[in-house]
Amino acid sequence: MAVAQSLGELPYAAYLQRHADGEPLVPDGDYTEVHFDGAAFDGGEATSAKFIESAFTGTSLTTVGLERARFSDVWLSRNRWVGVRVADGEWLDVAVLDSALAGVQAYSSRLRRVTFRGCKIDTLNLRGATLADVVFEDCELNELDCAGASLTNVTFPGSSLRNARFSQVTCKKVDFRGARELDVADGADALRGATVDERQLMELAPALAQALGILVK
């Protein structure tokens, strides 16, 4: 998926209206063609909100409730999300660039045609989520939890995965080749359908041996 590198490259850039400073996000809010620039949201609930053809630049969200929110054609750059809850949400044609995410709860969410590029992501909860055509490019992924998730055409070029969890995951066209590091803490035996290179297979060997009950002496 082609990803815009700057705000001006977005096809809807000319229609964006700046979000009013200090105005909170609200449940069921309709944020179509809205530009969140340098905003800070601390707490609050915006469940079932819609973000369509919108952009977030230099924005901070802390412990905001965005359960069941919909993100469609949304561009995010240089953002910081901490403890944000986006469980059971829908992300379609979304790009997240040069951002930091920590403790984000996105379990049971549906992500399609989503790109994370140059992001630092800590403890992202994707348990039971559905990911299709998702790219993690040049990202630092610490304690990624995909237990019970469905992954289709998911790639990790240039990324590092540390303490990742894949128990009971379903993989189809998942490609780890090109990842700089692949450290799986749980669920290595569930990666049937994934593709790795020879180096990564050696990295996975201890986790595979433990999962399969193989004693190495």
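**View 1. Charges of the protein.** In this predicted model, the 22 positive and 31 negative charges of the protein have mean positions 5 Å apart. Lys and Arg count as positive, Asp and Glu as negative, and His and the chain ends are not counted. Each charge is placed at NZ of Lys, CZ of Arg, CG of Asp or CD of Glu.

**View 2. Secondary structure and extent.** Along the principal axes, its C-alpha atoms fill a box of roughly 65 × 30 × 25 Å. Of the 217 residues, 45% are buried (under 20% relative accessible area, with a 1.4 Å probe and protein chains only).

**View 3. Ser54 in its strand.** Ser54 belongs to strand 5, residues 50-57. Its relative accessible area is 0%, so Ser54 is buried.

**View 4. Surroundings of Ser54.** Leaving out residues up to four places away in sequence, Ser54 touches Tyr12, Leu16, Tyr31, Thr32, Glu33, Val34, Asp73, Val74 and Trp75 (heavy atoms within 4.5 Å). A polar atom of the Ser54 side chain lies 3.2 Å from the backbone nitrogen of Val34.

**Notes.** Residues are numbered from 1 along each chain as its sequence is written, and side-chain values use heavy atoms, without hydrogens and water. Local features need pLDDT of at least 70 and side-chain atom pairs count only at pLDDT 80 or more, while totals for chains, interfaces and linings use all residues.

Conventions: Buried < 20%, exposed > 50% of the residue type's maximum accessible area, 1.4 Å probe, protein only. Helix = DSSP H or I, 4+ residues; strand = E, 2+ residues; numbered from the N terminus. Polar contact = N/O pair within 3.5 Å; in protein donor to acceptor, adjacent residues only side chain to side chain.
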